Amino acid sequence: MTKALRTPFSSDLQQKIDTLKERQKKIMLGSVEFNSPLLLAPMSAISIAPFRLLMEELGAGGTVSELISCHGINYQNEKTHQMLTIDPREEHIGIQLFGEDPEAMARAALVAQERNPKFIDINMGCPVRKVVTKGGGSALLKETQKLANFFSTMKKDLSIPLTVKIRTGWDEENINAKEVVHIAKEEGLEFVAIHGRTRTQQYKGHANWNILESVACEAELPIIGNGDLHEAHEVRDRMGQTNCQALMLGRGPLRNPFIFLESYLTADDTINFGPKDYFEVITRLYDYLSQYTDRERTLLVQMRKHIVWMAQGFPGVANFRGQIFQTPDLGDTMKFTEDYFMGLDHRTSKSIDHSEAFMTSGHG
Ligand SMILES: Cc1cc2nc3c(=O)[nH]c(=O)nc-3n(C[C@H](O)[C@H](O)[C@H](O)COP(=O)(O)O)c2cc1C
């Protein structure tokens, strides 16, 4: 870490955050405590310490790291070890590992445990060919007869809880989430997060919440439902009727970092989050990201993507996006960003067309 600076939020924004956070209720999923049942999903190259910390501050009840290779850890790969970094201010964080070999996963889990996460999560949802052809990620869903041994080998020497994130199955003909949950329960895992798509589906179509609800209804373990909860009203509706003990949000918070908080709004509330609030969040993300990288180029690339996601849905975003991608300088990028967000009327709300594809590839 280079510097420990954190620009305070304005009192107006901080008050809105505090008001909505007071409505959250702590929950236990198995033996793992979270600040609320709304969690940030693991996302490769996104769910890193600075972003996870920001999301916890903005109401995520807990977070999971991006997927991290067990072999990278065991081979002492420096970059992989950096991915294990947890910020001391993070509260409810799990580290997610991927790999096909239970012994290698078990060794890596012991190393990851040293970083003091609250739990170790196994990636069994990654649909990416490079991972699947080696037998990791969602390929593990195909060989359920090996799973009991996989889980017990990993759990044997681990002193913190073990959890797993899966898809509903390999394909339409092989929906086997219930079976996987049963094995997980038998082997003493704490909870199962399920992305409501099959591996074959990749990111096409919609998450199948009928399957998620049916699995959660009968499940012997707490189930975290995940998939396509892009807007706060969708999260609210789902929270009101779900059999899942918790919900996990991935892409939603990228375009709306206030989605966790807004999920606690009621019809009587007058609270809303406008462009100025977005700019404050971007400033804080800049502070946090700069504590984890000394390379201006890396910071620029990271900031650019978040700025553009957060701007999506605001007026004039196409021009702004063009300007941001043509600006090679970090200082200019932040200046243009300030001009854009602060130049919008504070009452401006977002309008996102959810029929348009957004981030249709990922590792789970
Ligand atoms: C860019 C990106 C990266 C992802 N990386 C991971 C990952 O590292 N591990 C994992 O289990 N899932 C990963 N996922 C899947 C998400 O955790 C989540 O299951 C999926 O995006 C569906 O949830 P959503 O509709 O709320 O985004 C990733 C998804 C995206 C879009």
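**View 1. A cluster of rings in the predicted model**. Ring pairs join Phe258, Phe273, Tyr278, Phe314, Phe320, Tyr340 and Phe341 into a cluster. The structure holds twelve aromatic pairs.

**View 2. The edge-to-face pair of Phe119 and Phe191**. The ring centres lie 5.4 Å apart, with 70 degrees between the planes. This pair links distant parts of the chain, 72 residues apart. Phe119 belongs to strand S6 (residues 119–124), and Phe191 to the loop between helix H8 (177–186) and S8. Phe119 is buried, with a relative accessible area of 1%. Phe191 is also buried, at 2% relative accessibility.

**View 3. The edge-to-face pair of Phe320 and Phe341**. Here the centres are 6.1 Å apart and the planes 85 degrees. Phe320 sits in helix H15 (residues 317–326) and Phe341 in helix H16 (residues 330–343). They are 21 residues apart. Phe320 counts as buried at 3% relative accessibility. Phe341 is buried too, with a relative accessible area of 1%.

**View 4. Strand S9 and its parallel partners**. S9 (residues 223–226) pairs with strand S8 (residues 192–198) over four bridges. Ile224 is the bridge partner of Ala193, and Ala246 is the bridge partner of Ile224 in S10.

**View 5. Arginines over rings**. Arg255 lies over the face of Phe358, 3.8 Å from the ring centre. The charged end of Arg284 sits over the ring of Phe9, 3.7 Å from its centre.

Technical notes. Residues are numbered from 1 along each chain as its sequence is written. This is a predicted model: local features need pLDDT of at least 70, side-chain atom pairs count only at pLDDT 80 or more; totals for chains, interfaces and linings use all residues. Side-chain values use heavy atoms; hydrogens and water are left out. Buried means under 20% relative accessible area, exposed over 50%, partly exposed in between (1.4 Å probe, protein chains only). Helices (H or I, at least four residues) and strands (E, at least two) are DSSP runs, numbered from the N terminus. Two strands pair if DSSP finds at least two bridges between them. Rings of Phe, Tyr and Trp (its six-membered ring) pair if their centres lie within 6.5 Å; planes under 30 degrees apart count as stacked, over 60 as edge-to-face and the rest as tilted. A charge sits over a ring if NZ of Lys or CZ of Arg is within 6 Å of the ring centre and within 35 degrees of the ring normal.
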